[in-house]
Number of protein chains: 2
Amino acid sequence: MATMEPDKQPSTPERSPALLAQEAILARPVTPERRMADAIRALAIDGVEAAKSGHPGMPMGMADAATVLFTRFLKHDAADPRWPDRDRFVLSAGHGSMLIYAWLHLSGHAGMGVEELRRFRQLHSPAAGHPEVGEHPGIETTTGPLGQGISTAVGMAMAERHLAARFGKSLVDHRTWVIASDGDLQEGISHEAASLAGHFGLGKLTVLWDDNHISIDGDTAISVSEDTLARFRAYGWAVRRVDGHDHEAIAAALNAATKSRKPTLIACRTIIGFSAPKKAGTAGSHGAPLGPEEAAAAKAALGWEAGPFEVPDDIRESWEAAGKRGGGTRRSWLKRLAKHPQRAEFERAMAGKLPERWDAAIAEWKAKAVAEKPKIATRIASQKALEALVPAVPELIGGSADLTGSNNTNVKGVPALSAENFGGRFVHWGIREHGMAAAMNGMALHGGIIPYSGTFLVFSDYMRPSIRLAALMRQRVVHVLTHDSIGLGEDGPTHQPVEHLAALRVIPNLHVFRPADVIETAEAWELAVKRADGPSVLALSRQNLPAVRTDAGENRTARGGYVLSEASGERRATLIATGSEVEIALAAQAALEEAGIPVAVVSLPCWELFALQDPTYHDAVLGSALRVGIEAALEFGWSRWLGPDGIFIGMQGFGASAPASDLYKHFGITADAVVAAVKRRVN
Amino acid sequence: MATMEPDKQPSTPERSPALLAQEAILARPVTPERRMADAIRALAIDGVEAAKSGHPGMPMGMADAATVLFTRFLKHDAADPRWPDRDRFVLSAGHGSMLIYAWLHLSGHAGMGVEELRRFRQLHSPAAGHPEVGEHPGIETTTGPLGQGISTAVGMAMAERHLAARFGKSLVDHRTWVIASDGDLQEGISHEAASLAGHFGLGKLTVLWDDNHISIDGDTAISVSEDTLARFRAYGWAVRRVDGHDHEAIAAALNAATKSRKPTLIACRTIIGFSAPKKAGTAGSHGAPLGPEEAAAAKAALGWEAGPFEVPDDIRESWEAAGKRGGGTRRSWLKRLAKHPQRAEFERAMAGKLPERWDAAIAEWKAKAVAEKPKIATRIASQKALEALVPAVPELIGGSADLTGSNNTNVKGVPALSAENFGGRFVHWGIREHGMAAAMNGMALHGGIIPYSGTFLVFSDYMRPSIRLAALMRQRVVHVLTHDSIGLGEDGPTHQPVEHLAALRVIPNLHVFRPADVIETAEAWELAVKRADGPSVLALSRQNLPAVRTDAGENRTARGGYVLSEASGERRATLIATGSEVEIALAAQAALEEAGIPVAVVSLPCWELFALQDPTYHDAVLGSALRVGIEAALEFGWSRWLGPDGIFIGMQGFGASAPASDLYKHFGITADAVVAAVKRRVN
């Protein structure tokens with residue numbers, strides 16, 4: 001993916017075709033708008049030189065296209081960069097972060113002054129190496145891992161369409177613009193995202209592809225031969241090709257895009273590192289400072305005479321005017337909002353606040369479930385929870401990667417979200433887990449939507465880069481991951497997660513719930529929906545599980561772990577289990593108590609929440625007697641709870657293909673095995 | 001992805017367009033070859049009925065195309081299914097596993113008798129839920145997670161081209177055939193793989209796409225609108241569309257494919273669950289038994305009168321003849337091999353044996369390095385190791401996902417593998433990590449190649465499904481993953497792995513090396529290359545690291561962990577570190593010894609190998625004093641080595657964008673922090 005090494009780039013022969021083309025472009029008359037673009041170039045050069053690291057090539061190459069977009073098309077007001085009906089701008093090619101910082105700076109945004117630019121890539125600077133959500137309000141999404149930005153943008157564009165259907169065009173009517181690199185389009189996720197965008201006919205999505213023919217290893221021809229425009233046409237996109245240094249051609253293409261009913265890909269043929277007299281058109285300008293000499297020569301070639309980080313007054317004024325060009329539109333919009341009958345609801349949804357009494361129906365369901373004690377799979381329990389939540393929380397938009405009936409993520413009567421009905425609330429994502437997860441990030445970032453997915457737990461591997469970004473960006477997205485162990489049975493080791501719970505638990509800021517029964521599942525859903533500052537995973541069983549909880553008043557899952565069933569006397573052991581193995585722990589407890597060995601059972605549905613409790617609580621719950629962990633997964637990570645003398649009953653490696661009950665026996669994850677292990681130690 | 005739920009499928013109106021089409025097809029004259037296809041259908045029905053789970057729809061739909069392929073095109077001999085110059089057949093749509101089992105059974109392969117079919121999806125049956133490498137020699141690759149098969153096949157086809165360049169067409173001249181589903185082509189990885197296949201012009205790769213318009217959620221139209229043939233044409237493929245139940249049309253298309261210089265995609269328009277009078281053409285036939293009534297009716301519609309798992313003699317004879325059709329070709333090939341000047345070398349390479357004295361040059365390098373003690377990044381140390389290994393081991397084929405200069409995976413003078421020079425030994429994979437990892441699996445499975453990759457450690461997330469399969473299939477592939485911590489600096493948290501070491505360590509059968517210096521890096525390479533039964537990861541630093549090893553005789557990394565520097569007296573603490581943090585541990589040791597506190601330093605470059613040592617060794621190395629873990633990553637998993645009273649110095653969450661030295665200070669991963677932590681506890 002896109003990043004740097006200062007050395008090792010091939011040297012360029014003087015006056016390569018790219019340099020000849022550059023000369024011709026530089027010979028064109030210099031318009032005021034070209035000078036605005038040059039301001040981006042100069043700041044990108046300066047930022048990277050000051051940091052002694054970074055990627056000047058992309059901002060220098062795409063400055064013209066970006067300038068046309070920002071000054072003539074983008075609906076934006078620097079006075080309120082979070083205005084809900086703004087256009088979204090996504091720098092998918094996140095390594096070119098100086099482009100976005102230069103723009104935020106030039107167009108007069110607070111919080112991106114010259115001091116911030118000077119501290120590009122330094123600790124605590126909002127001008128981080130790659131654009132990071134939360135560092136500056138003008139940054140819509142965190143980019144850098146290639147393919148994520150363009151795919152996240154698809155979710156933003158879907159969110160816009162859905163909210164327009166919900167609240168009407170007078171409140172929601174904006175576009176999504178993306179600058180993408182070669183790498184973005186080579187990544188597999190771009191296929192999933194672009195195919196979805198074509199399928200949904202996201203006409204308000206426009207991607208400017210920095211078609212510079214260069215990636216880190218050199219000319220893209222060494223690894224790519226595809227006809228990318230034909231490929232996107234096959235997805236149902238409108239496609240165009242322009243000279244990426246010709247402002248009027250760019251404007252014409254962008255204008256056409258605003259009229260298209262299809263998403264649009266504009267291949268902007270550019271010269272990477274434009275203006276650098278030696279490094280332009282080479283990988284040498286991609287990911288390393290130009291060096292003082294080449295930097296000076298690049299500025300000279302542009303006729304740029306201002307000092308480092310300086311911008312001539314006339315250019316700064318033009319940029320500041322551009323920064324305000326959405327101001328009037330925003331003020332009209334605010335007037336419309338003030339009078340709008342759905343104003344309160346719109347503001348609530350966009351603020352990420354849950355409706356009043358959002359949890360009344362689920363409380364009712366929990367009360368019913370605790371009385372009826374249904375023996376159902378937790379994936380079914382999840383569906384029951386959704387039946388209470390989906391009507392109460394209109395922001396919840398569900399989906400599945402072609403496993404709707406298996407994930408149980410849809411609720412009766414909820415229509416599909418489609419090109420014909422963007423008001424629908426269930427997305428058939430197709431077999432596109434990664435695209436789904438990235439688009440969900442985009443929905444959450446857009447605001448007004450709490451997206452939840454469905455696929456098998458084992459396929460969390462396909463979504464992992466996007467789950468990680470959700471955690472890093474602290475976005476409320478919920479992944480419903482069913483078939484969470486060998487308990488899925490016959491599909492075998494390719495479908496049986498054994499390492500995935502651990503692999504998800506290790507992602508910072510992600511809450512991983514593995515509920516044991518119908519009540520814990522409802523509690524997990526409550527916590528996931530309430531959690532405004534990060535993503536959650538629900539790992540759910542395929543197989544039926546007995547109701548183990550006899551209370552539903554307090555949300556006990558909120559503490560992550562708790563004593564589900566205390567020992568009859570002084571504990572000789574504590575059986576600690578999650579999800580489907582809590583049933584086994586309880587059966588083992590019964591047998592051990594029968595044999596005169598008092599043991600407690602602890603349910604540990606969410607390690608991350610349990611870790612947040614104080615040590616006294618940990619000690620009280622886990623006890624000082626022998627600790628036995630039971631989970632149909634690998635032991636990795638369990639020693640934290642079990643200590644050096646604990647016992648773990650679980651998987652040792654990959655699963656196998658057989659009916660679930662045979663597998664539990666085969667791998668020795670049974671109450672008998674727990675009983676035997678405890679007896680060996682306590683007798 | 002593709003799997004089952006028995007319930008929840010929409011009921012089909014009688015005589016849907018699919019059923020009408022089916023009637024027309026069934027009305028065609030029944031040829032002997034159609035009856036051979038019907039044998040596959042009948043066995044698929046029987047297997048799924050007996051198992052009470054599985055996927056009958058795909059084998060029933062694709063039986064015709066598969067039969068034409070197997071009987072008229074596939075170069076294969078059931079007498080030796082591992083014959084090196086056989087054609088490779090990949091069932092990318094692995095859920096339709098009964099198709100491959102039925103074929104192996106019918107064509108007379110040992111080890112797939114009727115008893116095995118009767119035990120489809122039962123414990124210890126080679127007829128597992130999805131095809132698993134190692135269960136039967138006729139299974140070329142493990143499939144089930146969609147998109148993997150087709151992408152693995154691209155690697156097989158690349159391997160064929162490379163080995164043909166190395167050994168000549170008289171030894172290596174075979175084709176790769178794939179049956180793929182809608183899901184395979186929706187997955188992002190299919191884009192990466194197909195784009196690579198087009199780029200490399202893999203004319204001997206043919207994909208039969210089961211274009212049945214049905215996925216689990218129903219008609220594919222609910223989630224897909226793309227023109228898939230146009231998309232593949234854009235990748236540089238030849239594309240065709242045929243009636244997937246018309247044997248002569250299929251044969252014509254396959255014949256054309258054998259003449260194409262481009263890879264070929266053949267859209268086989270089929271009816272899923274073909275012959276089932278009610279469920280054909282519906283998702284209801286995809287992933288659940290038809291049920292006795294529908295099963296009987298399907299057989300009746302075919303005119304299939306044999307009992308369950310029975311095959312009429314004439315059909316069995318035809319299939320057995322087909323199973324031997326490659327016999328003559330194989331015998332001629334064996335004769336050519338016997339006389340071939342490169343016979344020994346070919347046999348050695350295909351057997352996965354390393355050349356004599358393969359490690360002489362690296363031993364020499366280690367001796368030199370231990371004397372010179374270069375302070376270099378371990379990624380550079382890896383390049384140095386490769387400079388010794390690549391010339392000595394001709395099977396090593398390297399690559400990078402567009403980060404060649406950063407991963408240091410190429411060696412001077414090694415040419416690129418390209419469509420113009422398949423004999424090259426370095427692959428510019430483009431920005432396609434997932435496709436790279438899957439294709440590498442295909443190369444290893446093909447035999448004759450030991451592939452190694454390059455990308456950043458953080459992007460292991462993009463490759464994870466394929467890394468998992470390599471581990472499950474026990475294939476020798478090596479992933480060189482550089483920039484392995486916050487030590488990469490300014491690129492920031494999107495590029496800084498904090499959870500990836502743990503996330504990789506938890507994959508069963510994967511060896512994760514994080515070497516501390518030039519010697520450990522060479523040792524890790526030796527172990528990775530020698531390891532014939534599974535994949536390895538080398539996590540390597542961007543930043544320079546001092547040489548910490550003073551010996552190079554014994555490969556100490558082979559035990560996973562060892563005492564690098566013993567305490568001067570009775571240990572008060574043991575500092576346990578990996579990779580770049582070993583330097584910190586040594587500095588802390590020096591300061592603590594200076595302060596009169598004897599501490600040892602343990603280097604723990606490979607947890608998996610260390611875990612294999614006996615407890616006595618563990619105790620001796622880790623000691624009974626205070627244990628301190630030091631790793632610029634999250635603590636998850638460390639308690640196993642540290643115990644409940646240990647101290648961990650590392651990351652608490654995501655990283656940040658800043659120069660590396662600032663980050664180490666900011667996050668408190670310093671010798672001073674270690675010293676202070678130890679002093680607090682031992683004083």
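In which helix of chain A is the place of A:G183? In this predicted model, A:G183 belongs to helix α7 of chain A, which covers residues 182-186.

**Annotated positions**

The UniProt record, an unreviewed entry, lists A:H95, A:G144, A:P145, A:L146, A:G183, A:N212, A:H286 and A:F459 under "binding site". These positions span 365 residues in sequence, and the farthest two of their C-alpha atoms lie 34.4 Å apart, so they do not all gather at one spot.

A:H95 sits in the loop that runs between β1 (88-91) and α4 (97-106) of chain A, whereas A:G183 is part of a helix, α7. With a relative accessible area of 5%, A:H95 is buried, because the cut-off for that class is under 20%. A:G183 also counts as buried, at 3% relative accessibility.

| Residue | Element of chain A | Relative accessibility |
|---|---|---|
| A:H95 | loop between β1 (88-91) and α4 (97-106) | 5% |
| A:G183 | helix α7 (182-186) | 3% |

**Domains of chain A and the interface of domains 2 and 3**

Chain A is divided into domain 1 (17-332), domain 2 (358-539) and domain 3 (557-680). The contact between domain 2 of chain A and domain 3 of chain A takes 26 residues from domain 2 and 34 residues from domain 3. Taken over C-alpha atoms, the centres of these two domains are separated by 25 Å. Between them, domain 2 of chain A and domain 3 of chain A bury about 2,300 Å², with 58% of that area on carbon and sulfur atoms.

What is the count of salt bridges between domain 2 of chain A and domain 3 of chain A? The count is 2 salt bridges. Across the interface of domain 2 of chain A and domain 3 of chain A, 15 residue pairs are found in polar contact, with both residues at pLDDT 80 or more. On the side of domain 2 of chain A that touches domain 3 of chain A, the elements giving two or more residues are α20 (500-505), β13 (511-513) and α21 (518-530) of chain A. Of the contributions to that side, α21(A) gives the most, with 4 residues.

Terms used
Residues are numbered from 1 along each chain as its sequence is written. Chains are lettered from A and ligands numbered from 1 in the order in which they are written. This is a predicted model: local features need pLDDT of at least 70, side-chain atom pairs count only at pLDDT 80 or more; totals for chains, interfaces and linings use all residues. Side-chain values use heavy atoms; hydrogens and water are left out. UniProt positions are given in the numbering used here, feature names are shortened, and annotations may be inferred rather than shown by experiment. Buried means under 20% relative accessible area, exposed over 50%, partly exposed in between (1.4 Å probe, protein chains only). Domain bounds come from an automatic or database domain assignment. Contact means heavy atoms within 4.5 Å. Buried area is the accessible area (1.4 Å probe) that two parts lose on being put together, summed over both. A salt bridge is a side-chain nitrogen of Lys or Arg within 4 Å of a carboxyl oxygen of Asp or Glu. A polar contact is a pair of N or O atoms within 3.5 Å; within protein, one must be able to donate a hydrogen and the other to accept it, and residues adjacent in sequence count only if both atoms are side-chain atoms.
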